[in-house]
There are 2 protein chains.
Amino acid sequence: MKNLLRNFEQIFVAKHLLFWTLIAVPVALAAGSAVALFLWLLDLVTVFRWQHEWLLYLLPLAGVGIHFLYKAAGKNAEAGNNLIMDEIHQPGGGVPGRMAPLVLVTTLVTHLFGGSAGREGTAVQMGGSMAQLLGRWFGLKPEDIRIILMMGIAAGFGAVFGTPLAGAVFALEVLAIGRIKYNALLPCLMASLFADIVCSAWGIRHTHYVIQSSAALDYLLLLKVILAGVAFGLAGNLFAAATHQVKKLGNRVFTTHKWLMPVTGGLLVILLTFVAGTQDYLGLGVTSKDPGGISIVNAFHAQGVNDWSWLWKLVFTAVTLGMGFKGGEVTPLFFVGAALGHTIAVYAGAPVDLFAGLGFIAVFAGATNTPLACTLMSVELFGPDHVLYFAVACFTAYYFSGHSGIYAAQRMAVSKRGEERN
Amino acid sequence: MKNLLRNFEQIFVAKHLLFWTLIAVPVALAAGSAVALFLWLLDLVTVFRWQHEWLLYLLPLAGVGIHFLYKAAGKNAEAGNNLIMDEIHQPGGGVPGRMAPLVLVTTLVTHLFGGSAGREGTAVQMGGSMAQLLGRWFGLKPEDIRIILMMGIAAGFGAVFGTPLAGAVFALEVLAIGRIKYNALLPCLMASLFADIVCSAWGIRHTHYVIQSSAALDYLLLLKVILAGVAFGLAGNLFAAATHQVKKLGNRVFTTHKWLMPVTGGLLVILLTFVAGTQDYLGLGVTSKDPGGISIVNAFHAQGVNDWSWLWKLVFTAVTLGMGFKGGEVTPLFFVGAALGHTIAVYAGAPVDLFAGLGFIAVFAGATNTPLACTLMSVELFGPDHVLYFAVACFTAYYFSGHSGIYAAQRMAVSKRGEERN
């Protein structure tokens with residue numbers, strides 16, 4: 001009898017898996033296609049800005065536009081990623097459908113006029129809001145809406161970076177610090193895998209990174225990786241703190257005329273561009289207008305960035321996002337990390353390409369408290385050869401990034417000193 | 001002020017990490033050395049048994065010895081792995097120090113006289129009981145005793161298989177189904193890494209497995225891997241159920257003269273050996289007396305095992321362990337999995353070495369509900385090339401292995417249909 005029941009158990013599991021696999025198809029079609037459209041437009045916008053450098057001077061004006069667009073049509077959509085995470089923790093009013101077009105347009109505007117921002121926020125918000133719409137159409141229960149929202153995050157993240165495994169684990173890991181639950185693992189994995197396939201089918205190609213340095217285990221190098229991991233964690237923490245502080249300060253100064261906040265942000269970015277003497281810290285930063293400029297790709301080569309590139313990008317991004325422009329935090333985190341890793345490698349006598357890759361991944365791991373997803377991402381982006389170094393860097397960064405990451409809605413399950421919090 | 005506190009936070013984290021790194025050294029020295037001694041003796045014992053086949057006929061007598069040894073000196077040590085897990089969930093009387101020598105001697109006796117058993121139970125129990133002793137000597141708080149016990153598991157597991165990453169994650173993942181907490185991640189990782197180094201320093205070498213088949217992504221092959229994953233999960237479930245049932249039945253039949261239980265077990269193993277017509281299912285099974293015999297290593301080569309080898313090993317082990325002999329379950333699970341994978345590959349037209357490797361890892365993942373540790377283990381044992389197939393096989397097996405694994409003390413956090421249970 002007990003064995004009979006156990007067999008039924010497996011039939012229920014099989015039904016559960018089949019159900020979510022079927023749900024994953026439309027989620028992936030919607031999110032994967034939206035991300036493909038976004039990445040295609042983002043590329044056009046970036047090249048257009050390179051060809052018309054004066055667009056930067058319109059950044060303050062663009063900020064006003066974004067501000068009033070959200071004010072007129074945004075409702076609660078402005079909370080972005082945090083709203084989606086809150087809805088997963090505790091279902092409330094739902095994620096509004098308008099979030100997808102709003103964040104798409106405003107991110108493109110931010111990039112067109114030279115704001116320093118990323119992509120994953122946009123992809124995750126498009127994925128989340130479309131997943132919510134689909135969940136409503138399918139008449140899913142509140143419990144299942146939570147799962148489909150996680151699938152939306154996974155699909156958006158997996159498609160935008162071409163890293164489906166990392167996307168799936170990110171959606172589970174980002175919700176709470178210090179704990180991962182397997183409850184939506186397979187739904188998220190399916191959504192993320194399918195969305196990546198859909199996005200690629202639209203012809204999107206992701207940047208290819210190569211680490212040529214030896215992958216052999218070397219204890220001195222391992223020690224350097226651990227110390228660099230501490231620096232990466234602190235940088236991730238600084239990034240999150242700077243963005244929060246800019247926003248807090250801005251909200252304190254501009255109490256009545258909120259639209260002055262993005263105007264000031266835009267003016268500050270223009271000012272910073274003059275001080276830095278380059279436009280390379282604007283926009284996404286994966287590549288640069290001048291092929292030899294400062295960019296993520298060039299951080300993997302000797303002399304590709306300078307000693308303070310990481311801090312410049314951090315400041316540019318904190319001002320852009322803190323003052324109300326739109327886009328993700330992750331690609332700037334990649335930039336900060338790759339540049340910091342490059343610089344550490346130069347002074348520590350370590351391979352530049354390996355440390356650029358470690359920083360790329362580990363600063364992100366620290367700022368979002370997702371060391372496991374980031375370790376998987378390292379395998380998907382750089383191949384499996386250096387996985388041990390990546391795991392060590394990600395978990396060290398995680399330990400040293402403090403308890404407040406870039407997502408305010410992230411909960412605390414287990415503190416980094418090992419104490420359980422719920 | 002908030003920033004100042006945040007900086008303090010990182011100092012506390014650094015102190016926490018330093019403290020546990022220092023604790024990890026003696027735990028690793030003790031567990032790593034004990035495991036090295038165990039593996040060295042196990043090898044001697046196995047070769048000795050091959051040279052003296054008649055030892056098998058003394059297996060019933062050996063069972064009586066084991067029975068009375070635990071009865072005389074065992075106290076609660078007989079609960080083995082489950083006792084350690086219970087003490088982590090809910091600290092009680094502690095893990096007795098006598099567990100280490102008892103399980104060492106009785107496992108060697110089991111192997112010397114031809115019982116079919118593994119090693120990880122022994123390694124984990126030695127690690128756990130020595131960790132408890134050290135924790136008491138250091139005057140650790142109950143909360144920290146839980147962590148040092150997890151370190152003992154990690155150290156034992158990591159050293160016995162030469163897979164430190166898998167050891168650390170196994171210790172965290174095995175405690176509850178469907179959830180992993182990072183609370184003791186770094187302590188476990190340090191203990192496991194150091195223990196592996198200590199064990200290697202004693203001259204212990206682990207079996208080397210190679211998968212030569214192509215690692216290229218092939219959708220038809222992926223589909224076969226998923227279907228094989230279902231079979232691996234069901235096999236893991238069958239293994240756990242068979243061992244439990246044999247024990248339950250034995251305890252029901254032998255109510256007064258408990259010592260008759262291992263006697264019967266020994267006689268059954270002798271009988272099974274005659275029916276099977278080979279001694280290859282006795283002992284550890286990593287290699288065989290005749291280099292061309294049925295063994296884990298030969299499951300990776302064409303014609304290395306036959307169609308029912310997996311079931312034979314399952315039955316031999318369920319009888320041996322269910323009837324009261326000592327040793328681990330994991331190496332027999334490797335055997336069952338590698339042989340089943342081999343057979344599936346033959347009939348499905350898939351590469352034998354890859355599927356033997358997949359079964360090796362995935363049946364274990366299913367029976368212990370530790371898909372993440374097993375995915376890491378696959379990288380540590382077989383290299384990173386096939387990690388995607390391993391991850392798919394492990395998680396599929398996990399979904400299809402039901403909710404009762406080989407460890408009765410494992411708790412349920414999230415069911416495999418996604419429901420939260422606590």
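Predicted model: local features only at pLDDT ≥ 70, side-chain atom pairs only at ≥ 80, totals over all residues.

Reply: Let's start with a pair of strands: β2(A) is joined by three bridges to strand β2 (residues 179-181) of chain B, and the two run antiparallel. Strands here are DSSP runs of type E with at least two residues, helices are runs of H or I with at least four residues, and both are numbered from the N terminus. Two strands pair if DSSP finds at least two bridges between them.

Residues are numbered from 1 along each chain as its sequence is written, chains are lettered from A and ligands numbered from 1 in the order in which they are written, and side-chain values use heavy atoms, leaving out hydrogens and water.

Now widen the view. In contact (heavy atoms within 4.5 Å) are 40 residues of chain A and 42 residues of chain B. The chains bury about 4,200 Å² between them, 62% of it on carbon and sulfur atoms; buried area is the accessible area (1.4 Å probe) that two parts lose on being put together, summed over both. In chain A, the residues that lose the most area to chain B are Y182(A), Y399(A) and R417(A), together 18% of what that side buries.

What about polar links? Seven residue pairs, both at pLDDT 80 or more, are in polar contact between chain A and chain B. That term means a pair of N or O atoms within 3.5 Å; within protein, one must be able to donate a hydrogen and the other to accept it, and residues adjacent in sequence count only if both atoms are side-chain atoms. The largest share of chain A's side, eight residues, comes from α1(A).

Finally, compare the copies. A rotation of 180° with 0.1 Å of shift along its axis superposes chain A on chain B (RMSD 0.0 Å), by least squares on the C-alpha atoms of residues with pLDDT of at least 70 in both. That is the relation of a two-fold axis. The same surface serves both copies, as 100% of the contact residues of chain A recur in chain B.
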